[in-house]
Amino acid sequence: MSRSVLLVLLMVFSGTGGEMAITHGMKSVGEPEALRPRALAAFFGRALRSGWFWTGLPLVALSFYLLLVLLSWEPVSFVIPMSALGYVVGAFGGKYFLGEEVGPARWIGVALVCAGVALVATA
Amino acid sequence: MRAKTIAMVLAMIVFANTGDLILKRAMAAIGPVELSAAGLARAFIATLVHPSVWLGILALAGCMASYMTALSWADYSYVMPGGALGLVLLTLSAAVFLDEAVPLQRWAGVLLICAGVALVGQTRPSTTHGQPAGGEQ
């Protein structure tokens, strides 16, 4: 496997992992009581005190930096389609870590994304 | 199917693709990042001070804002095929504007990925309670 494909995997896992940590944090923080400035400020205050939020943020930042590194090596028409692997990791992560339901249509979509990524990776 | 939703999905695609193309050009100007502690640190500083990188980030923020707005007006299953179409347009613009050579096999892969992304969006999020506004069919 080329170093670019390995870096894509690292980018996708850190990005999706970070988003899942933030999702988990936001769900435990709860919804803002109202869409008024005061309620929103209180909501952001609660989110910023969540450990999950501070776990997720550096992971998302790392993922973005890895995207820049990849763009310095590879054509954008390789990097961005490959990043669709995030849907695959997200479907598994959502099911096993966040307890989300993933229906048959989504699994077929996930399989198609995998096949497409395999083609792009080996082109 | 409202015109403003379509306009917002198109804005999302334009922002995403513009951002990605700008970032690609910026990183091409910075040059291949070396995989060493010193190389990564040097590239990190170079990206922080490169104005195009910030322009690209701004475009991606615009993409996120229009994505959120589109999602507040329409279902995920309606917005996602737009994201899939964006991938085709990105590959096309990379070939046209950045002169990237796109081999046939990569095109085939991109099309499969698009079909997959469009299908991923067809599942209604299970956390949504009750019927989504607007209805389907």
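Leaving aside neighbours within four places in sequence, B:Thr5 is in contact (heavy atoms within 4.5 Å) with B:Trp73, B:Ala74 and B:Tyr78. B:Thr5 sits in helix α1 (residues 3-30) of chain B, helices being DSSP runs of H or I with at least four residues, and strands runs of E with at least two, numbered from the N terminus. With a relative accessible area of 3%, B:Thr5 is buried; buried means under 20%, exposed over 50% and partly exposed in between, with a 1.4 Å probe and protein chains only.

This is a predicted model, in which local features need pLDDT of at least 70 and side-chain atom pairs count only at pLDDT 80 or more, while totals for chains, interfaces and linings use all residues. Residues are numbered from 1 along each chain as its sequence is written, chains are lettered from A and ligands numbered from 1 in the order in which they are written, and side-chain values use heavy atoms, with hydrogens and water left out.

Chain B holds five helices and zero strands, in the order α-α-α-α-α from the N terminus. Of its 137 residues, 39% count as buried. Among the contacts in chain B with a separation of 6 or more, 70% come from residues 24 or more positions apart. Chain B exposes about 7500 Å², of which carbon and sulfur atoms supply 69%; the areas come from the Shrake-Rupley method with a 1.4 Å probe, and for residues only the protein chains shown count as cover.

B:Gly121 lies in the segment after α5 of chain B, and its C-alpha is 5.2 Å from that of B:Met80, 41 residues away along the chain. Not counting residues up to four places away in sequence, B:Gly121 touches B:Tyr76, B:Ser77 and B:Met80.

B:Asp99 belongs to the loop between α4 (76-97) and α5 (104-120) of chain B. Its phi is near 55 degrees, a positive value in a residue other than glycine.

The accessibility of several residues is listed here.

| Residue | Relative accessible area | Class |
|---|---|---|
| B:Leu10 | 44% | partly exposed |
| B:Asp99 | 66% | exposed |
| B:Cys114 | 8% | buried |
| B:Gly121 | 0% | buried |
| A:Cys114 | 33% | partly exposed |

Between the chains, helix α3 (residues 51-73) of chain A packs on helix α2 (residues 37-49) of chain B at an angle of about 95 degrees, with the axes 11 Å apart. Axes are lines fitted to C-alpha atoms, for helices over the stretch in contact, and angles run from 0 to 180 degrees between N-to-C directions. The angle therefore makes α3(A) roughly perpendicular to α2(B), a class that spans 65 to 115 degrees. A:Tyr65, A:Leu68 and A:Val69 in α3(A) meet B:Leu40, B:Ala43, B:Phe44 and B:Thr47 in α2(B). The residues of this contact divide into six nonpolar, one polar and no charged.

The structure holds zero disulfides over all chains, a disulfide being a pair of cysteine sulfur atoms within 2.5 Å. A:Cys114 is in no disulfide, and its nearest cysteine sulfur, that of B:Cys114, is 15 Å away.

Key. Parallel < 35°, antiparallel > 145°, perpendicular 65-115°, else oblique. Nonpolar A, V, L, I, M, F, W, Y, C, P; charged D, E, K, R; others polar.
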